[in-house]
Amino acid sequence: MYFNVRERNVNIGSIPALLIEPEDVKKEIVLIYYHGWGSSVESSRFRASIWAAAGYPVLVVEEVLHGSRGSYPYDDDMNKLPEVLLKNIEEYDDVAKYLDDVFPNHKRIVCGHSLGGFTAMGLLSKNDVAGVMALNGMGDWQAMAVEPYKEKICELNPVDRVEEHVEKAILMLNGEVDESVNPVYQKNYYEAIRSLHKGKVPLVYECMEMTSHVVTTTMMELTLAFLEEL
């Protein structure tokens with residue numbers, strides 16, 4: 001649909017996904033993209049196609065309660081957001097097995113916006129994940145530690161597991177005036193890891209001035225620069 005890329009729908013068990021591949025692969029890196037709360041695979045195609053056109057295959061994962069997997073009154077009720085987040089983490093093992101077959105030698109970079117950014121940060125503890133690109137995400141999940149999800153959210157909270165991430169490549173971009181995701185939660189994570197990170201791969205946190213809950217052109221440019229460093 002966009003640029004010089006190839007698209008195909010795939011099913012990973014019960015998980016629908018869209019694989020967008022470049023005509024020419026730049027590096028042996030594959031991106032796994034998780035969309036935001038109330039978003040979808042379809043609305044993520046353009047963003048994913050930018051990365052694919054730059055030479056990186058992208059697997060866009062459909063999340064529960066979204067797209068063909070259901071619906072929800074997203075604007076009126078966010079109570080199930082932690083449920084979707086935890087389901088993304090749980091289902092990643094199936095995604096990883098699919099990647100073992102299709103891209104066995106590729107580094108895996110998990111990326112996402114908003115809820116997808118939360119997911120990316122949560123997947124940093126997976127051994128096969130080489131890094132993340134979190135756009136308007138958060139690595140401190142304390143705001144989501146509510147029943148009935150509190151125990152699991154606290155167990156998986158990235159800010160409490162930074163020692164598992166010290167050799168991972170991490171890009172965190174947040175909007176300074178984001179009223180949906182307070183950037184302080186991502187800053188908390190950055191402050192927790194920055195003195196521990198080994199520095200062999202990039203660790204980047206930027207709070208973008210005069211930016212709300214959006215992904216800007218500048219943010220996309222920064223993701224491409226980050227990928228160039230890997």
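This is a predicted model: local features need pLDDT of at least 70, side-chain atom pairs count only at pLDDT 80 or more; totals for chains, interfaces and linings use all residues.

Biologist: In what order do the elements run from the N terminus on?
Modeller: From that end they go β-β-β-α-β-α-β-α-β-α-β-α-β-α.

Biologist: What radius of gyration does the chain have?
Modeller: The chain has 16 Å. A compact globule of 230 residues would be near 17 Å, so the two agree. The C-alpha atoms fill a box of roughly 40 × 40 × 35 Å along the principal axes.

Biologist: How much of the chain is buried?
Modeller: Buried residues make up 54% of the 230 residues. The chain exposes about 10,400 Å², and carbon and sulfur atoms supply 46% of that.

Biologist: Which domain does UniProt list?
Modeller: An unreviewed UniProt entry gives "domain: Dienelactone hydrolase" for residues 15-194. Over that stretch the chain is 31% helix and 22% strand, with the end C-alpha atoms 35 Å apart.

Biologist: Changing topic: how many aromatic pairs are there?
Modeller: The structure holds 5 aromatic pairs. One of them is Tyr-33 with Trp-51, a tilted pair at 5.7 Å centre to centre and 50° between the planes.

Biologist: Why would that pair tie parts together?
Modeller: Tyr-33 sits in strand β3 (residues 29-34) and Trp-51 in helix α1 (residues 45-53), so the pair links parts that are 18 residues apart in sequence.

Biologist: Are those two buried or exposed?
Modeller: Tyr-33 is buried, and Trp-51 is too. There's also an aromatic cluster made of Trp-37, Tyr-72 and Tyr-74.

Biologist: Next up, Arg-108. Where is it?
Modeller: Arg-108 is in strand β5 (residues 107-113).

Biologist: Why does Arg-108 count as buried?
Modeller: Because its relative accessibility is 5%, and buried means under 20%.

Biologist: What does the Arg-108 side chain join up with through a polar contact?
Modeller: With the side chain of Asp-128, at 2.7 Å. Leaving aside neighbours within four places in sequence, Arg-108 is in contact with several residues, including Val-30, Ile-32, Tyr-92, Leu-99 and Val-129.

Biologist: Okay, on to a glycine. Where is Gly-55 found?
Modeller: Gly-55 is in the loop between α1 and β4 (58-61). Gly-55 is buried, with a relative accessible area of 2%.

Biologist: What does Gly-55 touch?
Modeller: Not counting residues up to four places away in sequence, Gly-55 touches Pro-22, Asp-24, Val-25, Lys-26 and Lys-27. The C-alpha atoms of Gly-55 and Lys-26 are separated by 4.4 Å, though these residues are 29 apart along the chain.

Biologist: Now the backbone. Which peptide bond is cis?
Modeller: The one from Glu-147 to Pro-148 is cis, with omega near 5°. Pro-148 lies in the loop between β6 (129-135) and α4 (150-156).

Biologist: What about phi of Ser-114?
Modeller: Phi there is near 60°, a positive value in a residue other than glycine. Ser-114 is in the loop between β5 and α3 (115-122), and Ser-114 is buried, at 9% relative accessible area.

Biologist: And phi of Met-210?
Modeller: Met-210 has a positive phi as well, near 55°. Met-210 lies in the loop between β8 (203-208) and α6 (217-228).

Biologist: Is Met-210 buried or exposed?
Modeller: Met-210 is exposed, with a relative accessible area of 74%.

Methods: Residues are numbered from 1 along each chain as its sequence is written. Side-chain values use heavy atoms; hydrogens and water are left out. Rings of Phe, Tyr and Trp (its six-membered ring) pair if their centres lie within 6.5 Å; planes under 30 degrees apart count as stacked, over 60 as edge-to-face and the rest as tilted. Helices (H or I, at least four residues) and strands (E, at least two) are DSSP runs, numbered from the N terminus. Buried means under 20% relative accessible area, exposed over 50%, partly exposed in between (1.4 Å probe, protein chains only). A polar contact is a pair of N or O atoms within 3.5 Å; within protein, one must be able to donate a hydrogen and the other to accept it, and residues adjacent in sequence count only if both atoms are side-chain atoms. Contact means heavy atoms within 4.5 Å. The radius of gyration is taken over C-alpha atoms; the globule rule is 2.2 Å times the number of residues to the power 0.38. Accessible areas come from the Shrake-Rupley method with a 1.4 Å probe; for residues, only the protein chains shown count as cover. UniProt positions are given in the numbering used here, feature names are shortened, and annotations may be inferred rather than shown by experiment.
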